[in-house]
Amino acid sequence: MEKGILTEVLKFAKIIPLHKGGKRDKPSNKRPISVLPFFSKIYEKVIGSRLTDYIENNQILMTSQFGYRKNSSIEIATIKLVDWVNTLFEACLIPDALFLDLKNTFDTIDHKQILLELEKMSVTGQSLSCFESYLSDQK
């Protein structure tokens, strides 16, 4: 981590198709998951914890961001949404609705975009190099 480089041994993953639902013989009903070496998981946890602390301490995310945050969850977001709708109904207002289908949201993530977003959050130098190294040449 000090050098901003992840050793190649930690970049190997076993890819397993995980059934998402529907017919088991249909490839679109499966998503690939990567089973990483033990030390890769430790690396992920350490870096993830550091990044989360940095993001929280610098208040980078909007307060309406619920996913991937400490002490937050989709359940809390749902409770806030229901509370908001109830408040509007009590005020005799009719809320608009927006429905999103997020079941395939994370099937594909552009690594270059991740790195650009990290730079926008002022993640630079060796810290950014750690992410670049981690995301490049995975096998």
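Predicted model: local features only at pLDDT ≥ 70, side-chain atom pairs only at ≥ 80, totals over all residues.
Modeller: Axes here are lines fitted to C-alpha atoms, for helices over the stretch in contact, with angles running from 0 to 180 degrees between N-to-C directions, while helices are DSSP runs (H or I, at least four residues) numbered from the N terminus.

Colleague: Which residues of α1 and α4 make the contact?

Modeller: With contact taken as heavy atoms within 4.5 Å, Tyr-43, Glu-44, Ile-47 and Leu-51 take part from α1, and Cys-130, Phe-131 and Tyr-134 from α4. By class, the contact has 6 nonpolar, no polar and 1 charged residues, where Ala, Val, Leu, Ile, Met, Phe, Trp, Tyr, Cys and Pro count as nonpolar, Asp, Glu, Lys and Arg as charged, and the others, Gly among them, as polar.

Colleague: What makes Phe-38 and Phe-39 an edge-to-face pair?

Modeller: Rings of Phe, Tyr and Trp (its six-membered ring) pair if their centres lie within 6.5 Å, and planes under 30 degrees apart count as stacked, over 60 as edge-to-face and the rest as tilted. The rings of Phe-38 and Phe-39 are 5.4 Å apart centre to centre, with 75 degrees between the planes, and a search of the whole structure finds 2 aromatic pairs.

Colleague: How do you know whether Met-121 is buried or exposed?

Modeller: Buried means under 20% relative accessible area, exposed over 50% and partly exposed in between (1.4 Å probe, protein chains only). Met-121 has a relative accessible area of 18%, so it is buried. Met-121 lies in the loop between α3 (111-120) and α4, and, leaving aside its neighbours within four places in sequence, is in contact with Tyr-54, Ile-55 and Ile-60.

Colleague: Why does Leu-135 count as buried?

Modeller: Leu-135 counts as buried because its relative accessibility is 17%. This residue of helix α4 touches His-111, Ile-114 and Leu-115, not counting residues up to four places away in sequence.

Colleague: What do these values rest on?

Modeller: Local features need pLDDT of at least 70 and side-chain atom pairs count only at pLDDT 80 or more, whereas totals for chains, interfaces and linings use all residues. Residues are numbered from 1 along each chain as its sequence is written, and side-chain values use heavy atoms, with hydrogens and water left out.

Terms used: Helix = DSSP H or I, 4+ residues; strand = E, 2+ residues; numbered from the N terminus.
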